[in-house]
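Thank you for letting me take a few minutes of the meeting.

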Amino acid sequence: MTRIALLDYGMGNLHSAAKALEHVGAKVDVTNDPKLIAQADKIVFPGVGAMRDCMQGMREAGIDDVVLNAAFNKPVLAICVGMQALMQRSEENGGADALGIFEGTVKHFPEMAGLKVPHMGWNQVHQMDPSHPMWKDIEQDTRFYFVHSFYVEPKNTDLVAATCDYGIDFCTAIHQENLFATQFHPEKSHTAGLQMLKNFVEWKI
């Protein structure tokens, strides 16, 4: 059974994510223990709320270096603010540094006529490479669930695994080797979300 460390640093929707991962066959440790994280087969890096609080929570839990190390050594799935934290910097709170695993920024949605911010609810996700293992058995333009006011803009567009239209065409998933990240919440996205989590559990790097 695949053992997954679900990172607990005070900023994630841990209960629903843990239950969803267990539903698709994983053994889940909800933890901020660096030893358990190091021993896990895979890591899920969730996040809700503000970037500055996210980074502070990781530093206080002592797992920021663990995340940086794992990002290059084992399969990682980052979700929502967890995805945003992979960039260098966010516009949130007047500017906040992130982990800097990838070059890029986290930007606030512009004011758009008829569209509310945060972007909340179901929206179509357009896969850039449907052959990627994380898209297995998920149809093109399937709807996933979003709750966010900020989006990532990676400098290297080759990282973009999916896009979504909300007044602007924005990056909603990124990938590189052992790492996959989504702006949407798979754990809240019913059948398609469970399929994505199942794909992560079964993903062979």
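Predicted model: local features only at pLDDT ≥ 70, side-chain atom pairs only at ≥ 80, totals over all residues.

Residues are numbered from 1 along each chain as its sequence is written, and side-chain values use heavy atoms, with hydrogens and water left out.

Let me start with helix H3, residues 51-61, where helices are DSSP runs of H or I with at least four residues, and strands are runs of E with at least two, both numbered from the N terminus. Met 51, Cys 54, Met 55, Gly 57 and Met 58 are buried here, meaning under 20% relative accessible area with a 1.4 Å probe, protein chains only. Seen down the axis of H3, these buried residues fall within an arc of 160 degrees, taken from the directions from the helix axis to the C-beta atoms, so they line one face of the helix. After H3 comes Gly 62, which has a positive phi, near 75 degrees.

Now to the pair: the axes of helix H1 (residues 14-23) and helix H6 (residues 190-202) come within 9 Å and cross at roughly 65 degrees, the axes being lines fitted to C-alpha atoms over the stretch in contact, with angles from 0 to 180 degrees between N-to-C directions.

Finally, Pro 154 lies in strand E11, residues 150-154, and counts as buried because its relative accessibility is 8%. Pro 154 and Leu 86 are 68 residues apart in sequence, yet 9.6 Å apart in space, C-alpha to C-alpha.

Key
Buried < 20%, exposed > 50% of the residue type's maximum accessible area, 1.4 Å probe, protein only.
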